[in-house]
Amino acid sequence: MAEVVHADQRPWAHLVQQVLLVRLQEVMWVLFALVVGGKHPVMRKGAHVSTVQLSSQATEAPPARATVADTLRIGASVFVPTLARGVLARRPRLVSLAEAIQADRGAGRLLQRLRARYGPGPLRLAVPGRSFALLLSAHDVERVLTGSPEPFAIASKEKRAAVGHFQPHGVLASRGEERADRRRFNETVLDTAHPVHRHADALLRKVRQEADALVDAVALAGRLDWADFRMAWWRMIRRVVLGDAARDDSEVSDLLTTLRMNSNWAFAHPKRAGVRAEFLRRVRRYLADPEPGSLAGLMAAAPASEITDPEDQVPQWLFAYESTALAAFRTLALLASHPEHFEQARREAGTGDDDLPYLRACVQESVRLWPTTMTILRDATRPTEWAGQALPAGTGFLIHTPFLQRDDETLPYADEFRPGIWLDGTAEHDWAVVPFSGGPGECPGRNLSLLSASHFLAALLRAYDLRQDAGLRPSADRPLPRTLSPFRLGFDARPRDTRGGDEG
Ligand code: HEM
């Protein structure tokens with residue numbers, strides 16, 4: 001999407017600043033990646049090197065302090081690649097670079113080595129001026145996530161700085177009474193508790209229509225690539241969230257993307273009040289005349305107080321729905337490379353049911369394998385005790401999901417496509433597997449996101465046999481790649497004889 005330039009900035013100065021910032025981050029990362037990434041051994045299938053079941057570890061281990069050198073290694077191998085790819089808006093070129101060097105594999109191996117050296121307790125990083133602790137065990141993840149928002153605040157310092165660019169009053173950035181109020185509002189509109197949203201009829205009509213429009217477009221091209229998928233997906237998002245009148249308002253999506261690109265820099269980028277004002281002006285237009293079958297319509301009917309700020313909850317829904325697109329597109333690569341799962345998903349797609357548990361499980365596997373929220377953050381509001389040792393108030397806890405969810409020392413299915421773990425309770429009970437977070441801060445849009453994705457994908461599976469013909473190809477015979485760019489994936493789409501209603 002093109003960057004939108006507005007009157008509140010000097011275009012050349014801004015352009016120069018953007019280019020310099022992006023270049024600086026790229027160069028830093030490439031250097032680090034070459035030094036650190038190149039050293040890691042090639043992954044072998046079934047290389048479950050340890051017998052220690054840390055994932056289910058029941059007791060608390062004490063914190064340890066990483067040396068400055070190890071902290072730098074973690075920064076270079078884990079956090080620079082994560083930040084460089086873009087936390088709130090992905091940078092496709094850097095995602096491709098991360099894929100080329102399999103950045104998450106290197107990071108995973110490093111964290112396993114450090115855990116062996118320091119133990120599985122929180123690993124304190126040697127960062128001047130701020131206490132950070134990296135969590136290395138499922139036990140500690142459970143403690144921190146179930147202990148949110150007190151004493152582990154969900155709206156961490158860095159998160160507030162980042163999302164403050166586009167939703168300063170969104171639930172994600174809120175604390176205390178405001179958080180409780182806005183969380184309730186989000187849960188009501190998104191119908192958090194139910195796999196099938198209470199207004200699924202109206203919402204799924206939009207999903208199916210946009211998926212069918214994509215099916216028609218693919219018929220002409222004979223191929224499905226990211227650009228077409230994304231465009232169709234955004235039309236669906238705008239209709240579901242803002243109503244049918246917003247279907248072709250790509251400007252509202254572009255404005256949000258601009259704000260998210262800035263928010264990737266958190267504190268380091270000035271806020272762009274003009275862009276935000278124009279974005280909000282457009283959103284307000286749809287909220288002022290809310291369409292009953294959309295989330296805007298449900299917002300109008302949901303109880304709100306003077307502190308709710310309903311319109312500031314909307315940006316999160318729009319952008320989080322885009323993350324769902326990344327997960328859904330990668331799901332197609334998984335299905336195309338695992339024919340037996342493809343057939344099972346297609347059979348389910350033909351049932352006409354609202355709930356499609358198998359397809360939901362496939363999408364959840366996609367976010368386990370390639371999480372869209374790579375680091376979950378919490379800030380301690382008071383000192384906390386860990387196996388007899390204290391960590392100070394203000395400690396930032398870091399849960400790095402690409403490591404924990406692919407930890408082949410603890411998860412027997414780490415590098416395989418196993419949708420079954422989402423159906424038999426395995427994933428739900430393992431605190432190492434938290435692509436939607438967990439506890440009171442768990443993603444309130446999880447069910448709606450999975451409902452939408454499963455139906456969108458179902459339309460494609462009913463219509464086509466898909467063969468991946470571009471991008472890194474996952475295979476059922478090898479460990480799945482730790483890093484997979486969705487932007488380079490492409491599929492050859494052969495029409496099937498029937499369209500819908502068949503049993504595959
Ligand atoms: C693949 C799709 C998605 C994934 C993997 C995902 C994951 C997450 C994660 C990890 C968090 C952070 C929670 C934390 O800090 O502990 C979160 C928060 C949130 N998500 Fe999602 N999400 C997805 C889609 C959606 C969608 C489609 C919506 C809304 C339509 C949504 C709404 C929210 C909201 C409102 C929050 C803030 C919750 C809070 O702070 O209490 N998400 N999501």
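1. Ala 387 is exposed, because 12 other C-beta atoms lie within 10 Å, where the cut-offs are 12 or fewer such neighbours for exposed, 20 or more for buried and anything in between for partly exposed, with C-beta atoms placed from the backbone. Ala 387 sits in the loop between β7 (384–386) and β8, and although Ala 387 is not a glycine, its phi is positive, at about 45 degrees. The model is a predicted one, in which local features need pLDDT of at least 70 and side-chain atom pairs count only at pLDDT 80 or more, while totals for chains, interfaces and linings use all residues. Residues are numbered from 1 along each chain as its sequence is written.

2. A positive phi of about 45 degrees is also found at Gln 102, again although Gln 102 is not a glycine. Gln 102 is placed in the loop between α3 (92–100) and α4 (103–118), and Gln 102 counts as partly exposed because it has 19 C-beta neighbours inside 10 Å.

3. Two cis peptide bonds deserve a check by anyone reading the backbone. The bond from Ser 148 to Pro 149 is cis, with omega near 0 degrees, and the bond from Glu 150 to Pro 151 is cis as well, with omega near 5 degrees. Pro 149 lies in the loop between α5 (138–146) and β4 (152–153), and Pro 151 is found in the loop between α5 and β4 too.

4. Gly 394 belongs to the loop between β8 (389–391) and β9 (396–400), and with 14 C-beta neighbours inside 10 Å Gly 394 counts as partly exposed. If residues up to four places away in sequence are left out, Gly 394 touches Ser 131, Asp 379 and Ala 380, contact being taken as C-beta atoms, placed from the backbone, within 7 Å of each other. Gly 394 and Ala 380 are 14 residues apart in sequence, yet their C-alpha atoms are 5.0 Å apart in space.

5. For the chain as a whole, there are 17 helices and 11 strands, and 50% of the 504 residues count as buried. Among contacts between residues at least 6 apart in sequence, 77% join residues at least 24 apart.

6. In helix α14 (residues 339–349), the buried residues are His 341, Ala 345, Arg 346, Glu 348 and Ala 349. Seen down the axis of α14, these buried residues fall within an arc of 160 degrees, so they line one face of the helix, the arc being that of the directions from the helix axis to the C-beta atoms. The face turned away from this buried side carries the exposed residues Pro 339 and Glu 340. The buried residues of α14 pack against α13 (314–337), α15 (357–369) and α17 (446–463).

7. How do α14 and α17 pack, in terms of angle and axes? Their axes are 9 Å apart and the angle is about 105 degrees, which makes α14 roughly perpendicular to α17. Axes are lines fitted to C-alpha atoms, for helices over the stretch in contact, and angles run from 0 to 180 degrees between N-to-C directions; under 35 degrees counts as roughly parallel, over 145 as roughly antiparallel, 65 to 115 as roughly perpendicular and the rest as oblique. In this contact Ala 345, Arg 346 and Ala 349 of α14 meet Ala 458, Leu 461 and Arg 462 of α17. By class the residues of the contact are four nonpolar, no polar and two charged, where Ala, Val, Leu, Ile, Met, Phe, Trp, Tyr, Cys and Pro count as nonpolar, Asp, Glu, Lys and Arg as charged, and the others, Gly among them, as polar.

8. The axes of α13 and α15 come within 8 Å and cross at roughly 105 degrees, so α13 is roughly perpendicular to α15. The contact of α13 with α15 holds seven nonpolar, two polar and two charged residues. On the α13 side the residues are Ala 327, Ala 328, Arg 330, Thr 331, Leu 334 and Leu 335, and they meet Cys 362, Val 363, Glu 365, Ser 366 and Val 367 in α15.

9. Around the ligand there are 26 residues, of which Ala 320, Thr 373, Ser 437, Cys 443 and Gly 445 come nearest, a residue being near if its C-beta atom, placed from the backbone, lies within 6 Å. At least two residues of this shell come from each of α7 (176–190), α13 and α17, and α13 gives the most, with seven residues. The shell has 15 nonpolar, 10 polar and one charged residues.

Note on methods:
Helices (H or I, at least four residues) and strands (E, at least two) are DSSP runs, numbered from the N terminus. Two residues are in contact if their C-beta atoms, placed from the backbone, lie within 7 Å.
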